[in-house]
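Hello,

Here is the structure I promised to pass on. Please have a look at it, and then read on for my notes.

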Amino acid sequence: MAEQAPVLSEPLESLDPELAGLISGELERQRATLDLVASESVPPRAVLEAQGSILTAKYADGFPGRREYDTCEWIDRIESLAIERAKALFGAEHVNVQPYSGSNANAGVLHALCQPGDTVLGWDFTQGGHPTQYAADTFAGRFYKGVSYGLRRSDRLVDMDQVEVLARRHKPRVIIAGWSCYQRHVDFEAFRRVADSVGAYLVVDMAHFAGLVAAGLHPSPVGVADACTMTVHKTLSGARGGAILCRSQLASAVDAAVFPGEQGSPLPHVIAAQAVTFLVAGTPEYRERMARVVEGARTMASVLVDASERTGALVVTGGTDVHQLLVDLAPSGRDARSVMARLNEVGISANAMRIAYDAAPDPGASGLRFGATALAGRGGGPAEFQAAGEILADALADGDGLRTGELKERVRALMSSLPLFSYLG
């Protein structure tokens with residue numbers, strides 16, 4: 001019998017020290033950074049263990065009890081566990097946990113509900129929506145006729161009158177609600193009424209706020225919409241993957257659209273990590289954490305509103321009801337990318353985001369989006385979010401960089417008080 005090659009059992013540190021060093025560098029960056037990227041979070045240790053497990057070695061094309069490979073009895077049980085936990089957590093009739101991402105989930109739902117050339121009415125991605133809802137340069141725009149609605153100029157809130165007018169004019173097959181960058185709750189019942197009035201399916205993209213729904217801190221679209229799509233790694237703070245929740249009568253169409261319609265074999269290690277995520281999201285500790293997320297975002301928004309005169313930055317809609325806030329830099333005369341680079345110099349991460357009705361050609365010309373999920377995941381509470389808001393305001397006001405050293409030290413002190421991944425050494 002041939003001996004197993006030593007390279008197959010050698011740990012990463014000795015087999016590939018170059019890559020191990022790069023991963024260590026990223027670990028140290030995360031530990032030292034005030035992470036205000038709205039789509040990032042801190043996954044539990046058990047999620048990392050499941051997603052890095054031996055399940056990555058298994059093929060399992062198909063679904064529990066209906067595989068194209070044998071020896072899937074353990075994979076069937078793992079996937080069924082993830083499905084049942086998600087159904088219980090969200091009150092869903094059917095769940096598909098196989099999409100590789102939120103984009104794959106959106107693709108799967110449109111594949112299930114539409115024929116090529118059908119009209120899809122989605123949230124304008126230049127005003128807070130996601131491109132995979134309808135945009136011309138994505139699958140949604142290439143295979144379907146994309147039409148978009150947006151926000152009112154007066155208050156930057158979703159324009160339901162426009163939604164109704166466009167729906168009656170274009171008779172879409174699907175209307176998509178849900179967003180990537182919006183600071184207030186959405187009236188899903190209003191969307192339902194519009195969809196019913198034109199005979200459309202209603203889909204809600206809840207990739208960003210799924211964790212808030214799970215914690216009871218955001219109106220739930222489940223049961224109102226025909227289908228909901230989501231990621232599991234944003235506010236849900238878990239595995240990097242996607243999922244679809246839908247009515248039972250759509251189950252067969254959705255499953256067939258995901259596999260083999262949109263993608264190949266599922267990722268058992270990711271599905272196992274999703275099962276852990278849904279378990280954690282049902283605990284009181286998780287709900288308390290999400291409460292800190294929402295209150296933390298509101299605290300930072302309040303600090304920035306009070307500091308707007310000296311920063312020249314306006315908080316869009318004057319605050320937030322969710323995990324994130326959007327800042328308009330146009331009054332300051334600065335562009336978002338240069339300010340983002342300045343923030344990075346002092347150890348703050350964020351991302352540029354288009355502001356509704358911004359005429360500049362750069363998609364992130366005037367807006368910066370900040371989120372509270374990662375800081376709360378490190379244990380941040382009221383005092384830490386107040387400190388983070390004050391550091392952020394001072395950094396936005398420090399256009400000439402004279403306070404860079406001081407701001408770096410304040411970030412370092414705050415992050416040192418909230419250890420991250422300490423079990424990794």
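To start you off, which residue of β12 is the bridge partner of Val 315? The partner is Val 327. Before going further, a word on the ground rules: this is a predicted model, in which local features need pLDDT of at least 70 and side-chain atom pairs count only at pLDDT 80 or more, while totals for chains, interfaces and linings use all residues. Residues are numbered from 1 along each chain as its sequence is written, and side-chain values use heavy atoms, with hydrogens and water left out.

Strands here are DSSP runs of E with at least two residues, helices are runs of H or I with at least four, and both are numbered from the N terminus. Two strands count as paired if DSSP finds at least two bridges between them.

Going across the sheet, β11 and β12 are joined by two bridges. Five bridges then link β12 (residues 324–328) to β15, again antiparallel, and three connect β15 with β14 (residues 351–353).

β15 (residues 367–371) is largely enclosed by the rest of the structure, because five of its five residues are buried. Buried means under 20% relative accessible area, exposed means over 50%, and partly exposed lies in between (1.4 Å probe, protein chains only). Gly 367, Arg 369 and Gly 371 point one way from β15, while Leu 368 and Phe 370 point the other way.

**A parallel pair**

Elsewhere you will find β7 (residues 174–178) and β8, which run parallel and are joined by five bridges. Val 174 stands opposite Tyr 201 in β8. β8 (residues 201–205) is mostly covered, with four of its five residues buried.

**Salt bridges**

How many salt bridges does a search of the whole structure find? The search finds 24, a salt bridge being a side-chain nitrogen of Lys or Arg within 4 Å of a carboxyl oxygen of Asp or Glu. An α-helix has 3.6 residues a turn, so residues three or four places apart point the same way.

- In α2, the side chains of Glu 28 and Arg 31 meet at 2.7 Å, N to O, and the two residues are three apart, about one turn of the helix. Glu 28 is partly exposed at 43% relative accessibility, whereas Arg 31 is buried at 16%.
- In α8 (residues 188–198), Arg 192 and Asp 196 are four residues apart, with their closest N and O atoms 3.0 Å apart. Arg 192 is buried, at 12% relative accessibility.
- In α17 (residues 404–416), Glu 406 and Arg 410 are also four residues apart, and their closest N and O atoms are 3.0 Å apart. Glu 406 is partly exposed at 36%, as is Arg 410 at 23%. Salt bridges that share partners join Arg 310, Asp 394, Arg 403, Glu 406 and Arg 410 into one network.

**Helix α4**

Helix α4 (residues 73–90) has 18 residues and reaches 26 Å from its first C-alpha to its last. That is close to the expected 26 Å, worked out as 1.5 Å times one less than the number of residues. Among its buried residues are Ile 75, Asp 76, Glu 79 and Phe 90. After α4 comes Gly 91, whose phi is positive, near 70°.

**The largest pocket**

Finally, the largest pocket holds about 870 Å³ of space. A pocket is an open set of points on a 1 Å grid over the protein atoms alone, where a 1.4 Å probe fits, with protein on both sides within 12 Å along at least five of seven lines; lining residues have an atom within 4 Å of a point. The lining has 28 residues, and Leu 27, Gln 30, Leu 48, Phe 421 and Leu 424 lie nearest the centre. Helix α2 (17–32) gives the largest share, seven residues.

Happy exploring!

How values were computed
Points joined across faces, edges and corners; volume = space filled by probe spheres on them.
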